[in-house]
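Here is a briefing on charged side chains.

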Amino acid sequence: MGVTDPAGPVMDRDEVDRALARLGAEHEAIETSLLALQDHAGRRLLEGAELTGVTKERWAATEASITLLWAYFDAYAGALRTAREIRARRRWSSREDLVELTELLRGECVTVADAATAGATANAPTLHAGPGRLSHSFSLASLVDRMNELYASGLDMVVAADAVWSALPARIDLLAAELQRTRRLAHSVGVRPGEHPAGDDLERITRTLTRLREEVVSDPLAFWVPAQGSSAPGGGRPDTTVYDREARALEEVRREIDAVLTVRQDAEQRLIKLRDVLSRADRTLAEARTARGEVLAKIAATEVPVVSGPPTALHEQLAAAAEYRRQAQWHRLSPLLDSLEEKAEDELLRARESLAAVTAPLAVRAELRGRLDAYKAKVARHGLAEDPLLVERYDAARRMLWSAPCDLRVAEQAVLRYQQAAGELLGTARVPGRSTPEDGDGGGKS
């Protein structure tokens with residue numbers, strides 16, 4: 001086999017046929033890929049979009065690369081067509097044909113004019129080998145490598161932009177629709193900008209989503225995160241950081257509005273319950289005031305706590321809550337009801353404690369009366385009811401307990417003296433100060 005320079009050893013017919021078959025298959029694959037890129041939805045969108053930012057810069061470079069890619073492909077197809085024509089001259093190619101085919105298939109015989117690079121940017125591969133170069137020559141193999149590089153770069157940009165456009169605008173539109181529904185619902189319950197923080201949040205989310213959609217449409221590559229370590233075209237994902245943040249913010253607003261809606265549904269029942277609690281507190285305080293007057297009239301030498309008046313501030317707040325409900329100001333009613341419910345329960349508890357404190361002396365007098373009568377019944381069962389000492393001490397204790405005002409300290413001492421006398425007569429060694437006959441202390445067995 002002869003040698004030719006610079007293509008190397010002359011190919012034989014079988015080598016030529018195999019090379020033509022391989023190059024033909026590559027031609028078909030490249031053509032299919034180029035047509036697919038030409039018809040790619042992302043490419044069509046890029047061509048018709050008003051681009052800005054990094055996407056505008058990269059698309060200008062990619063368009064120039066695609067133009068250059070077609071020029072390469074046309075040159076490649078022309079060289080392949082020439083090679084096929086030479087091979088088709090004879091069934092058994094002559095040595096001259098084989099030399100020519102070897103040069104064509106292996107040598108740098110594919111020349112692409114510099115005009116093919118017109119419009120290419122610094123980011124796009126060009127044919128220039130140096131300043132003033134008007135054309136550049138390639139072998140078919142190196143031309144395929146260059147086309148693969150250009151194709152991968154162009155496809156990466158197109159796929160990335162298309163992925164962002166396919167993912168984010170639709171999601172933003174869905175979120176915007178949900179935002180509008182939430183805005184209408186918010187207005188219906190009085191949540192408006194300038195009047196409620198949630199209303200201000202809705203306005204901010206609206207502005208952010210509007211701006212985000214505009215930026216995504218005009219500069220999709222600004223929202224693309226390439227995959228680390230991936231060299232495949234379109235390796236990466238859309239950046240949804242801003243979208244996700246606003247979606248969470250909208251969900252928080254929605255929960256707050258749902259809480260306001262719950263207030264609207266339950267407001268009447270809660271107001272009725274509040275009126276009932278405050279009414280009971282008022283009645284209890286009124287009872288305590290009446291009881292205090294009775295205690296002061298019937299009990300002497302004791303400290304009776306002062307009873308406060310009705311909770312005027314709570315009644316004013318309750319009236320304000322009713323007005324909020326009438327005016328459908330649910331966002332103001334909600335926190336007011338929460339506060340009122342807690343304060344009303346505290347007020348009822350305070351009223352009950354006040355009544356218990358005021359009536360404590362009457363309870364002590366009633367206990368002393370009960371104890372005196374119990375011991376009288378016990379001594380009567382033992383036939384000692386007519387004992388002069390017991391009769392004298394019983395009458396003294398009874399006069400003190402059933403007279404007004406009653407001195408509880410003196411009356412208690414009188415009851416204790418009666419218990420002591422009864423115990424001595426019944427043979428009891430010790431009578432505790434506040435025991436009863438039924439306890440078994442202070443008296444013998446009946």
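At 43% relative accessibility, Glu47 counts as partly exposed. Partly exposed lies between buried (under 20% relative accessible area) and exposed (over 50%), with a 1.4 Å probe and protein chains only. The model is predicted: local features need pLDDT of at least 70, side-chain atom pairs count only at pLDDT 80 or more, and totals for chains, interfaces and linings use all residues. Residues are numbered from 1 along each chain as its sequence is written, and side-chain values use heavy atoms, leaving out hydrogens and water.

- Glu47 pairs with Arg43 in a salt bridge (2.6 Å, N to O). The term requires a side-chain nitrogen of Lys or Arg within 4 Å of a carboxyl oxygen of Asp or Glu.
- Both residues sit in helix H2 (residues 41-48), 4 residues apart, about one turn of the helix. Helices (H or I, at least four residues) are DSSP runs, numbered from the N terminus.
- Arg43 is buried, because its relative accessible area is 9%.

**Salt bridges between helices**
- The structure holds 19 salt bridges.
- Side chains of opposite charge can pair when their charged atoms come close.
- Arg213 and Asp173 form a salt bridge at 2.6 Å, N to O. Arg213 belongs to helix H6 and Asp173 to helix H5 (residues 140-188), so the pair ties together parts 40 residues apart in sequence.
- Arg213 is partly exposed at 31% relative accessibility. Asp173 is partly exposed too, with a relative accessible area of 35%.
- Arg254 forms a salt bridge with Glu178, and their closest N and O atoms are 3.7 Å apart. This pair links distant parts of the chain: Arg254 is in helix H7 and Glu178 in helix H5, 76 residues apart.
- Arg254 counts as partly exposed at 25% relative accessibility. Glu178 also counts as partly exposed, at 25%.
- A network of salt bridges links Glu178, Arg181, Arg254 and Asp258.

**Negative surface patch**
- Asp200, Asp201, Glu252 and Glu256 gather in a patch of negative charge on the surface. Helix H6 (197-218) and helix H7 (241-298) are the elements that give two or more residues to this patch.
- Patch members have over 30% relative accessible area and no salt bridge, and like charges are joined within 9 Å. Asp and Glu count as negative. The place of a charge is CG of Asp or CD of Glu.
- Asp201 is found in helix H6. Asp201 counts as partly exposed, because its relative accessibility is 33%.

Note on methods:
Patches are made of residues with over 30% relative accessible area and no salt bridge: like charges are joined within 9 Å, nonpolar side chains (Val, Leu, Ile, Met, Phe, Trp, Tyr) within 5 Å. Accessible areas come from the Shrake-Rupley method with a 1.4 Å probe; for residues, only the protein chains shown count as cover.
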